[in-house]
Amino acid sequence: MSIQYPFIPYVHAADDTLNPDQSALGNYLFMNQRRTVRDFSDKPISESVIRNLILAAGTAPSGAHKQPWTFCAVSNQDIKKSIREAAEKEEYDNYHGRMSEEWIRDLAPLGTDWKKEFLEIAPWLIIVFKKPYEFVNGQRHKNYYVSESVGIACGFLIQAIHEAGLICLTHTPSPMNFLQKILNRPEEEKAFLLVPVGYPSSEALVPDIKRKKLEEIAAFYR
Ligand code: IYR
């Protein structure tokens, strides 16, 4: 039997001086400056920054409010090295036969390859784990909409990183069960996304991509 939450008055964070027209446009213009960057500086970032980024990510909605995520923040150089070695091993195999020819062709314009030096250069790696189920007082409980929930939390994390003036990369080594082993995570935690966080190197380059137009990503039913 579960206990019903007490319901309390909602405190609306937006005050009357906020104009949705201005805020929505301002936020779009700001978010449109975010880029996925692969060239990191090794400039350190304090742990307190990372803690607040994770707290922001943890405000994401989740199925039945189960908050089915764990964020592992790594600044330890030896662990970063182990992660890089294991990720490069998997990615080498991906780029040399495991990915389809179409996939390789789709990635070619972005200039990615199996080498992942950023995993040792970025001051922090945040590894996001999803929990399809978890143990509460020794009892196994199922979680709901786990990938959706953790995906949304990752979105919040990426937004918070941009808001803090930092850069990140959504790295998807595959398969990524090596992360569970290296970080010694319990069996119910499955690696979901690896997010190196830092400052860009002074010579950082990004591909000159264009984003789809509103008409291409939206349909309105008035
Ligand atoms: N996981 C590989 C390949 C890769 C896949 C996609 I989809 C990308 O947008 C970028 C890379 C890697 O990280 O290199």
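Trainee: How far does a polar side-chain atom of Glu91 lie from a nitrogen atom of the ligand?

Mentor: A polar contact is a pair of N or O atoms within 3.5 Å. Here a polar side-chain atom of Glu91 is 3.4 Å from a ligand nitrogen. This is a predicted model, in which local features need pLDDT of at least 70 and side-chain atom pairs pLDDT 80 or more, while totals for chains, interfaces and linings use all residues. Numbering runs from 1 along each chain as its sequence is written, and side-chain values use heavy atoms, without hydrogens or water.

Trainee: Which side chains lie 2.6 Å and 3.1 Å from an oxygen atom of the ligand?

Mentor: For Tyr95, an N or O atom of the side chain is 2.6 Å from a ligand oxygen. For His171, a polar side-chain atom is 3.1 Å from a ligand oxygen. The protein covers 71% of the 380 Å² of accessible area that the ligand has on its own (Shrake-Rupley method, 1.4 Å probe).

Trainee: Which residues are around the ligand?

Mentor: A residue counts as near if one of its heavy atoms lies within 4 Å. Here they are Glu91, Tyr95, Trp103, Leu107, Asp113, Lys116, His171 and Thr172.

Trainee: Which elements give two or more residues to that shell?

Mentor: Helices are DSSP runs of H or I with at least four residues, numbered from the N terminus. Those giving two or more residues are helix 3 (77–98) and helix 4 (101–107).

Notes. Polar contact = N/O pair within 3.5 Å; in protein donor to acceptor, adjacent residues only side chain to side chain.
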